[in-house]
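This report goes through a single chain by topic.

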Amino acid sequence: MPYQRETRFDPPSALMDLQDQPMRRIKYYPDEVEGWLVTGHAEARRILVDQRFASGERFRLSPTEMPHIFVSFSEQTPPGFFLLNDPPEHTRLRRKVTGVFTVRRLKQLEPRIADIVNERIAALRAAGAGADLITEFALPVPSLVICEMLGVPYGDRDEFQQGSADMLDLEVPVEKRNEAMGRMLQYIHRLIPAKRAEPGDDMLSDLVADPDISDEEAAGVGMMMLVAGHETTANMLGLGALALIEHPEQLVRLTSDPELWGTGVEELLRYLTVAHNGIMRIAKEDAEIEGKLIRAGEHITVALHAANRDPSQFDRPKELDLDRDPRGHLAFGHGLHQCIGQQLARIEMRIGLQRLFEEFPDLRVTVPYEDIPLRSDMAVYGVHSLPVAW
């Protein structure tokens, strides 16, 4: 699966050249075993919803020379890490946290998210005439939100943000990523005795108090929520801001008509699709999809960023276009494992980007675009830093 990009916002051109076959054979590393690559939107949805294709297996092969993140995670999947569980275990664990992400609960949380966004905008103002948008805004906003929801001290952010980055770094050996996962689990474990002694109104306290959840499972769920809860949205905020700066005509439409922000966020999610490492599955049995026979035991990689640029699903898919209906995009995956925090991410993006450009309508990048460091080396795409001024 090609992963080297030529531009900031587009998937690799070599990957897009493969869209003439929405499902095709590719070689998997390190043994050059044949598996499957899915780039078509309809085919991706079918694979991700079909329980004949498993998440809860040991992934030994990678679609790129860099070991896939599923290879790292599945090597020592901790209890509670339900991203790599199949039903019924996946169902049991996911239900323990579903209530936190209901529309009603998140609607109640919106004023607090707005407060956090406004606090970070004030911090940007205090920084002077410019700052790194990633470190001062894009990363703190979702980190503060998930810390409050989970019950994790934000003062520990250096520890868990570095641990998350090490887990998702595709250029380090699998052993190093596993060490980072172990550190993150130990960090959550250290919080558990305090949650048991003095429970708070937070997700980790609820998990610890649940008699059907072990401490190991509580730590695994908590670690997964902490990593996913800030990494993906932080990169969407940073890369989304950059995309709007580079598409001023689209930005003008958003700032002149605030009602468009909901659709605008969906189009940014489709257009950017930061989960660029792909979603992997293993066939539990022989299965035929669109006339292709997938054999039991074969690896399949669903390239979400390619599927979201499928011209059979989206007209002019290479363009960022607020006039399109982007519903049905796969930025959050699909099926049983669709991102449980997707509504939270949407709220954070809508409030965060809207307030950012309301407050700084002349936001601009202060380095040459070619000097912006891209996160091609990470499981979640984005930019490592984004120097801006206003």
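Predicted model: local features only at pLDDT ≥ 70, side-chain atom pairs only at ≥ 80, totals over all residues.

Leaving aside its neighbours within four places in sequence, which residues is Met225 in contact with? They are Phe82, Val97, Phe101, Ile146, Leu150, Met203 and Ile340.

Met225 and Phe357 are the residues with the most contacts inside the largest nonpolar core, which has 132 residues. The greatest contribution to this core comes from helix H11 (residues 215–246), which gives 16 residues.

## Glu231 in H11

Helix H11 also holds Glu231. This residue counts as buried because its relative accessibility is 7%, which is under the 20% cut-off. Beyond the neighbours within four places in sequence, Glu231 is in contact with Ser164, Ala165, Leu168, Arg375 and Val380.

With Arg375, the side chain of Glu231 makes a polar contact of 3.2 Å. Tyr381 is 150 residues away from Glu231 along the chain, yet their C-alpha atoms are separated by 9.6 Å.

Strands of a sheet pair through backbone hydrogen bonds, in either the parallel or the antiparallel sense.

Strand E1 (residues 23–28) and strand E2 (residues 33–38) run antiparallel and are joined by 6 bridges. In this pair, Arg25 stands opposite Trp36 of E2. Trp36 also stands opposite Ile300 in E8; E2 and strand E8 (residues 299–302) pair in the parallel sense over 3 bridges. At E3, the pairing with strand E5 (residues 279–283) is antiparallel, over 2 bridges, and Ala54 stands opposite Ile282 in E5.

## Hairpin turn between E1 and E2

E1 and E2 form a hairpin with 4 residues between them. The loop between these strands contains Pro30, and the peptide bond from Tyr29 to Pro30 is cis, with omega near 5 degrees.

The loop also contains Glu32. Phi of Glu32 is near 55 degrees, a positive value in a residue other than glycine. Is Glu32 buried or exposed? Glu32 is exposed, because its relative accessible area is 53% and the cut-off for exposed is over 50%.

## Three-stranded sheet

A second topic is the open sheet of 3 strands, ordered E4-E10-E9 with antiparallel pairing. Its edge strands are E4 and strand E9 (364–365), each of which pairs on one side only. E9 and strand E10 (residues 387–389) run antiparallel and are joined by 2 bridges. One of the paired positions is Val365, whose bridge partner in E10 is Val388.

## Helix H5

How many residues does helix H5 have? H5 (residues 103–126) has 24 residues, and its first and last C-alpha atoms are 34 Å apart, close to the 34 Å expected at 1.5 Å a residue. The helix has a kink of about 40 degrees at Glu110, shortly before the proline Pro111. Just after H5, Gly128 has a positive phi of about 115 degrees.

Glu110 is also among the buried residues of H5, which include Leu106, Leu109, Ile113, Ile116, Val117, Arg120, Ile121 and Leu124 as well. The cover over the buried residues of H5 includes strand E4 (130–132), helix H6 (133–138), helix H7 (140–150) and helix H15 (342–359).

## Other backbone features

Most residues other than glycine have a negative phi, and most peptide bonds are trans. Pro88 is in the loop between helix H3 (69–75) and helix H4 (89–98).

Arg316 has a phi near 45 degrees, which is a positive value in a residue other than glycine. Its location is the loop between helix H14 (304–307) and H15. Arg316 is partly exposed, with a relative accessible area of 36%.

Conventions. Residues numbered from 1 in each chain as written. Heavy atoms only, no water. Expected span 1.5 Å × (residues − 1). Bend = angle between axes of the 7 residues up to and from the residue. Buried < 20%, exposed > 50% of the residue type's maximum accessible area, 1.4 Å probe, protein only. Contact = heavy atoms within 4.5 Å. Core = buried A, V, L, I, M, F, W, Y, C linked by side-chain atoms within 4.5 Å. Pairing = 2+ DSSP bridges. Polar contact = N/O pair within 3.5 Å; in protein donor to acceptor, adjacent residues only side chain to side chain.
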